[in-house]
Amino acid sequence: MAVLLSTKAATMDWWRRALLAVDPGLTIRLFPDAGDPAEIEAAVVWTAHDMAELRRYPNLKLIVSMGAGVDHLLRPPGPPPGIPVARLVDRMLTTQMGEWVLLNVLRFHRQDLDYRALQAAKRWEELPAPVTAETRIGILGLGELGSHAAGLLTRLGFPVMGWTRRPKVVDGVQTFHGADGLAAMAAQSNILVCLLPLTPETRGIVDAALLSRLPKGAFLINGARGGHVVDADLLAALETGQVAAAALDVFQPEPLPADHAYWSHPKVVMTPHAASITIPESAAPQVVENLRRARAGEALMNLVDFSAGY
Ligand code: NAP
């Protein structure tokens, strides 16, 4: 029996080596060279893989996302019916995202864009000192990534709020849920951070209505998915100053076309979906363990809840 890997060629080979380091007995096939379809028992795939293609494998027991997000696996036609899908919950992914959020919170809190502009103009000018306890941070999504980022920010002294689907208690974080909760949190968020999964409920959630609820001159940080943000609404809010600046790691589509306004926008800081990159050596043990469990008929780890969409 074999594990099918599907992503960019260079990354596939990296994954192959990482999985074999954990279990040298595995047979690994690199898509599109799947070999005998009846031998494929697990598919470890990233965003470009066509879910319809996975219906070719009659003995498939498990599908694994190569990242924390699974929106690419759930979009139509979705995974083959009855096959469980697992995502990665990985310390290195969580750590990297925490760093990226901290980088951008501090960039905005410490007026870094303004100081860079002053430097470019060779102007020696002191701006009013920012007060940490007065910079309120609202995090959309307090899952693996959001709750870790919240912990880092509370330790620095920022007042942190978080919004979730279900009511949730997180130490040191003021929590909200539901539509009313979102409006209440947005109204107090000097910096809004999006770390939600992309689902039918969360697509386009950062729109003109939500942005207009933020305090004037708030900042947006999106490390989740490009589909969360309505780009035209964000650009309009940047134009009026309702949003002072945005840090964006994710876009729709990716790569972002060269003529998109974000590339040269003075108030947009971009990274190319690189906030948190899967390191196969770190992720491989949980994939191998999940495969063992699937073979043994045991409960799987980090399973996607199809009804919730993440
Ligand atoms: P997670 O553990 O599943 O947490 C998701 C959080 O979002 C939970 O707190 C959940 O609420 C909340 N949520 C989901 N739907 C909601 C809704 N309709 N309304 C309000 N809250 C909702 O996910 P994660 O591991 O933190 O990852 C989050 C996302 O980050 C991934 O899905 C992926 O898209 C993105 N990501 C991006 C990168 C990158 O490099 N840019 C890397 C990794 C991941 P409950 O607590 O009530 O369930």
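Val 45 has Ser 65, in strand S4, as its bridge partner, and strands S3 (residues 40–45) and S4 (residues 62–65) pair in the parallel sense over four bridges. Two strands are taken to pair if DSSP finds at least two bridges between them, while helices (H or I, at least four residues) and strands (E, at least two) are DSSP runs numbered from the N terminus. The model is a predicted one, in which local features need pLDDT of at least 70 and side-chain atom pairs count only at pLDDT 80 or more, whereas totals for chains, interfaces and linings use all residues. Residues are numbered from 1 along each chain as its sequence is written, and side-chain values use heavy atoms, with hydrogens and water left out.

**The sheet**
- Five strands form an open sheet in the order S2-S1-S3-S4-S5, with parallel pairing.
- At its edges are strand S2 (27–30) and strand S5 (85–86), each of which pairs on one side only.

**The ligand and its shell**
- The shell around the ligand holds 28 residues, of which Arg 87, Leu 145, Arg 166, Asp 249 and Tyr 310 come nearest; a residue is near a molecule if one of its heavy atoms lies within 4 Å of it.
- Polar contacts (pairs of N or O atoms within 3.5 Å) include one of 2.8 Å between an oxygen atom of the ligand and an N or O atom in the side chain of Arg 87, and one of 3.0 Å between a ligand oxygen atom and a polar backbone atom of Leu 142.
- A polar side-chain atom of Asp 249 lies 2.8 Å from a nitrogen atom of the ligand.
- The protein covers 93% of the 950 Å² of accessible area that the ligand has on its own, as computed by the Shrake-Rupley method with a 1.4 Å probe.
- Helix H5 (144–155) and strand S7 (160–164) each supply at least two residues of this shell.
- At least three shell residues come from each of domain 1 (2–90 + 278–296) and domain 2 (91–270), with bounds from an automatic or database domain assignment.

**Backbone exceptions**
- Most residues other than glycine have a negative phi, and most peptide bonds are trans.
- Phe 31 and Pro 32 are joined by a cis peptide bond with omega of about 10°, and Pro 32 is found in the loop between S2 and S3.
- The peptide bond from Gln 252 to Pro 253 is also cis, with omega near 0°, and Pro 253 is in the loop between strand S11 (243–248) and strand S12 (268–270).
- Lys 122, which is not a glycine, has a positive phi of about 55°.

Technical notes: Polar contact = N/O pair within 3.5 Å; in protein donor to acceptor, adjacent residues only side chain to side chain.
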